[in-house]
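Thanks for making time this morning.

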Amino acid sequence: MDVAKSTRLPSAVPVLSGLLWAAIWLGAGTLLLSILLTGSALEETELTPWTFGVHAFAAFCGGFVAARRAGRKGWYFGAVTGVLYMLCVLIISFLAVDAAWSLRVLAMALLTGAAGAVGGMLGVNLRK
């Protein structure tokens, strides 16, 4: 048996750690948006670009961590993490507020998948 193959982590472990870090950054972004809503003239109707940015950044960070942990196929692990992150967010939003499907959901899924892939490419290439 090849020693290098026996020390590899299963594919799910880097993705799960990426999802955990994406959730942490989502919480930080949500807290920041709450502070902006409270302390500025920003209104809830103007939050769409901000929420897209928070989700994209969270998926980027999650993809970065997942690919860095995997050490290979950065765009793949990043994109998978970004898409799974968005699926988790969609499931939670559908269960919590009965959100409907729209083009905004598709745009968010494409954005988080792409942000995760870019984060993954950087994460695998910035590995020690």
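Read along the sequence, the chain runs α-α-α-α-α, which is to say that it holds five helices and zero strands. Please keep in mind throughout that this is a predicted model, so everything I quote is computed from its atoms. Of the 128 residues in the chain, 34% count as buried. If we take the contacts between residues at least 6 apart in sequence, 79% of them join residues at least 24 apart.

Let me turn to the packing of the helices. In general, two packed helices are described by the angle between their axes and by the distance between those axes, and I will give both for two pairs.

Which residues of α3 and α4 meet? On the α3 side they are His 55, Ala 58, Ala 59, Gly 62, Gly 63, Ala 66, Ala 67 and Ala 70, and on the α4 side they are Gly 74, Phe 77, Gly 78, Thr 81, Gly 82, Tyr 85 and Val 89. By class, the contact of α3 with α4 is made of eight nonpolar and seven polar residues, with no charged ones.

The other pair is α3 with helix α5, residues 103–125, and here the axes are 6 Å apart and the packing angle is about 35°. The crossing of α3 and α5 is right-handed, and the contact of α3 with α5 has 13 nonpolar, eight polar and two charged residues.

Is His 55 buried or exposed? Its relative accessible area is 12%, and because the cut-off for buried is under 20%, His 55 counts as buried. Leaving aside neighbours within four places in sequence, His 55 is in contact with Leu 26, Tyr 85, Val 89, Met 108 and Thr 112.

Ser 17 has its place in helix α2, residues 12–39, and with a relative accessible area of 11% it is buried. Not counting residues up to four places away in sequence, Ser 17 touches Val 65 and Arg 69. Ser 34 lies in helix α2 as well, but with a relative accessible area of 36% this residue is partly exposed. The C-alpha atoms of Ser 34 and Glu 44, which are ten residues apart along the chain, are separated by 9.9 Å.

I will finish with the cysteines. How many disulfides does a search of the whole structure find? The search finds zero. As for accessibility, Cys 61 is at 11% and therefore counts as buried, whereas Cys 88, at 39%, counts as partly exposed.

Definitions and conventions: Residues are numbered from 1 along each chain as its sequence is written. This is a predicted model: local features need pLDDT of at least 70, side-chain atom pairs count only at pLDDT 80 or more; totals for chains, interfaces and linings use all residues. Side-chain values use heavy atoms; hydrogens and water are left out. Contact means heavy atoms within 4.5 Å. Helices (H or I, at least four residues) and strands (E, at least two) are DSSP runs, numbered from the N terminus. Ala, Val, Leu, Ile, Met, Phe, Trp, Tyr, Cys and Pro count as nonpolar, Asp, Glu, Lys and Arg as charged, and the others, Gly among them, as polar. A disulfide is a pair of cysteine sulfur atoms within 2.5 Å. Buried means under 20% relative accessible area, exposed over 50%, partly exposed in between (1.4 Å probe, protein chains only). Axes are lines fitted to C-alpha atoms, for helices over the stretch in contact, and angles run from 0 to 180 degrees between N-to-C directions. A crossing is left-handed if the near helix is turned anticlockwise from the far one by less than a right angle, and right-handed if clockwise.
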